[in-house]
Amino acid sequence: MNIEILRCDITTIEADAIVNAANSSLLGGGGVDGAIHRAGGPEILEECRKIVARQGGCKTGEAVLTTAGRLPARYVIHTVGPVWNGGQRNEHSLLANCYRNSLQLALDAGCQTVAFPNISTGVYRFPAAEAARVAVATIRAFLQAHEGAMKVLLVCFDEVNFDCTKEELERGH
Ligand code: ADP
């Protein structure tokens, strides 16, 4: 399976697309969102503002594509993860939608490599082990349905997410 795990800052990745764990306003925030806007420069926010003017933000589970500004990637795909609320509010399927919709957008844009952070596991408090299970299962299903189309990088920033994601990847082999 074409999935790799890395432990680093996603803003340094030279993929066709990197995914941003954005919020529904698309106007920037903390965590990985802040890091991407800081490193990529104002062009990314300018495109986000145009998307907001056109469609009024981005709903949880959905994704939009912008330039990557001065980042080494070509595109940033902004997706909005669910806020963890105990797990009974559709959080798992909403998180799966983030991965699926981002991958579809990347495929439609002709991307061959896509890098993901651990969506929702920061300020949105999704438990790392469960988030890793959803991420790996959803990516595997997508890559099976689109064989040979893409390589996916799972970019973990902290140790807990790295360990959980690695364990989940090893489970399937
Ligand atoms: P969310 O609101 O979706 O929880 P956060 O940005 O708060 O988004 O956190 C999502 C994940 O991104 C966390 O696992 C956090 O460790 C990770 N993260 C933060 N900064 C970076 C970065 N520069 N590169 C990759 N991952 C990052």
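**Reading the fold**

Guide: Along the sequence, the chain runs β-β-α-α-β-β-α-β-α-β-α, where helices (H or I, at least four residues) and strands (E, at least two) are DSSP runs numbered from the N terminus. This is a predicted model, where local features need pLDDT of at least 70, side-chain atom pairs count only at pLDDT 80 or more, and totals for chains, interfaces and linings use all residues. Residues are numbered from 1 along each chain as its sequence is written, and side-chain values use heavy atoms, with hydrogens and water left out.

Visitor: How many helices and strands are there in the chain?

Guide: The chain has five helices and six strands.

Visitor: What share of the residues count as buried?

Guide: Buried means under 20% relative accessible area (1.4 Å probe, protein chains only). Here 48% of the 173 residues qualify.

Visitor: Which residues have the most contacts inside the largest nonpolar core?

Guide: A nonpolar core is a set of buried Ala, Val, Leu, Ile, Met, Phe, Trp, Tyr and Cys residues joined through side-chain atoms within 4.5 Å. The largest one has 28 residues, and Val114, Phe116, Ile139 and Leu154 have the most contacts inside it. Helix 4 gives the most, seven residues. Apart from this core lies another, of 20 residues, with Ile13 and Ala68 among them.

Visitor: What is Phe116 in contact with, beyond its neighbours within four places in sequence?

Guide: Contact means heavy atoms within 4.5 Å. The partners of Phe116 include Ile10, Val19, Tyr99, Ile139 and Leu154.

How values were computed: Buried means under 20% relative accessible area, exposed over 50%, partly exposed in between (1.4 Å probe, protein chains only).
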